[in-house]
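Subject: Structure handover

Hello,

Here is the structure for you to look through. My notes follow below it.

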Amino acid sequence: MSGSYDDSVGVEVSSDSFWEVGNYKRTVKRIDDGHRLCNDLMNCIHERARIEKVYAQQLTEWAKRWKQLVEKGPQYGTVERAWCAFMSEAEKVSELHLEVKGSLMNEDFEKIKNWQKEAFHKQMMGGFKETKEAEDGFRKAQKPWAKKLKEVEAAKKAYHAACKEEKLAISRETNSKADPALNPEQLKKLQDKVERSKQDVLKTKEKYEKSLKELDNATPQYMENMEQVFEQCQQFEEKRLRFFREVLLEVQKHLDLSNVASYKNIYRELEQNIKTADAVEDLRWFRANQGPGMSMNWPQFEEWSADLNRTLSRREKKKASDGVTLTGINQTGDQASQPNKHSSSLSVQSNTVHSVQSSYNPFEDEEDTGSTVSEKEDNKIKNVSSYEKNQSYPTDWSDEESNNPFSSTDANGDTNPFDEDASPAMEVRVRALYDYEGQEQDELSFKAGDELTKMENEDEQGWCKGRLDNGQVGLYPANYVEPIQ
């Protein structure tokens, strides 16, 4: 150590080294951070599980909605089945994502939660036992060395102060020699001051060097003790890091559906269903069921019969699921006086029920339209698309159809007076529970709270016939209203 004094030596130089007094707290804080990181990882997995659940629900809702759209729409045949295969894929993938959600929460989330509980032990006074042990270990290892460091700092401060006094004394003595006004006694005092200052510098320097040597001798033991406590903290942190790596790998396995055999089978099956779509087969089917290949009940002379002097009611039009029978009935004035000679019927199997409406003859005059069977009211379901698969197409060429007295619904929306279901029945006042906007011309529209009259009870498809207070008659969903008590 040099005995010269330097003003810059007294400046405290801050250090960020681990060996500085108190800097072990970062290592201790890492233990608390480990507990918080466990919570963060659990929250991360929980949010991902929630995303998987929502995605699964959205897939299911999408599949349900579009399955209805495709089934009710105009697409048919093998291409329809290929299209619907996407909805089946979505439903199966939805199930897999629900399984992913279950694995994340029931396995990964719970595993972290249990490990955290075993690794960190809370104290009654707050904090964790592991944190306190590390804090106490570092403090005990650092205490002797910190005490000697404090002595070194004090000795250094005293030494620097003595050097400063020595420098001032020498400066005064030098100036006094050039001042003739000073007597020899005053000059002698200044010289004595310089001598005492030099002696103080020597003493404080010796003490400073001695305390610094003692600190140097204590440093190896200090480093060894600190290393020992630090290694204990390292081992604890190593367990956490290895555990996190293990959990993240398990999460990756649960999220990676590409390695799941059933997931691969879903898309292999989807590809097969799409490749089975055959345009030639669909065209052949449409020709046979909707085109020239269909059977036809060609018009024949029919004698009048009292048994046929009525139109079919809606409920009588419904037949067993194995087929639908259409009976041609003519009620023209010219034929009313003639005996029945023959009648013709057409049976359609259940797998071609979509072609029932095709039996409607667009070339009959307005008097013959009373014998057509309307499947619309029997199979009334809210249309989720802009058109139905079995949508009937009116014959726009006839300007007299709107005056047909035998059609199921006249131009004003009133019911057919010859329909047996139109006979007076017990009417009930009901109140709308929800808003409803009619999707077809024969449906009613109303707002929640509106009152109307129920004219017929609910049919098999869940529809009722009713009348608004303005006189309009039509259909409405039965579950949209409640009786007025």
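Accessible areas come from the Shrake-Rupley method with a 1.4 Å probe, and for residues only the protein chains shown count as cover. By that method the chain has an accessible surface of about 31,300 Å². Carbon and sulfur atoms own 51% of it.

Two cautions on the source. This is a predicted model: local features need pLDDT of at least 70, side-chain atom pairs count only at pLDDT 80 or more, and totals for chains, interfaces and linings use all residues. Residues are numbered from 1 along each chain as its sequence is written, and side-chain values use heavy atoms, with hydrogens and water left out.

The overall picture:
- The chain holds 7 helices and 7 strands (DSSP runs numbered from the N terminus: helices are H or I, at least four residues; strands are E, at least two).
- Its order along the sequence is α-α-α-α-α-α-α-β-β-β-β-β-β-β.
- Of the 485 residues, 33% are buried (under 20% relative accessible area, 1.4 Å probe, protein chains only).
- Among contacts (heavy atoms within 4.5 Å) with a separation of 6 or more, 73% join residues 24 or more positions apart.

Now look at strand E5, residues 463-467. Here 4 of its 5 residues are buried. E5 runs antiparallel to E4 (residues 451-454), with 2 bridges; strands pair if DSSP finds at least two bridges between them. Thr 453 has Arg 467 in E5 as its bridge partner.

On to E6, residues 473-477. It is antiparallel to E5, joined by 5 bridges. Trp 463 partners Pro 477 in E6. E5 and E6 make a hairpin with 5 residues between them. In that turn, Gly 471 has a positive phi of about 95°.

Best wishes

How values were computed. Buried < 20%, exposed > 50% of the residue type's maximum accessible area, 1.4 Å probe, protein only.
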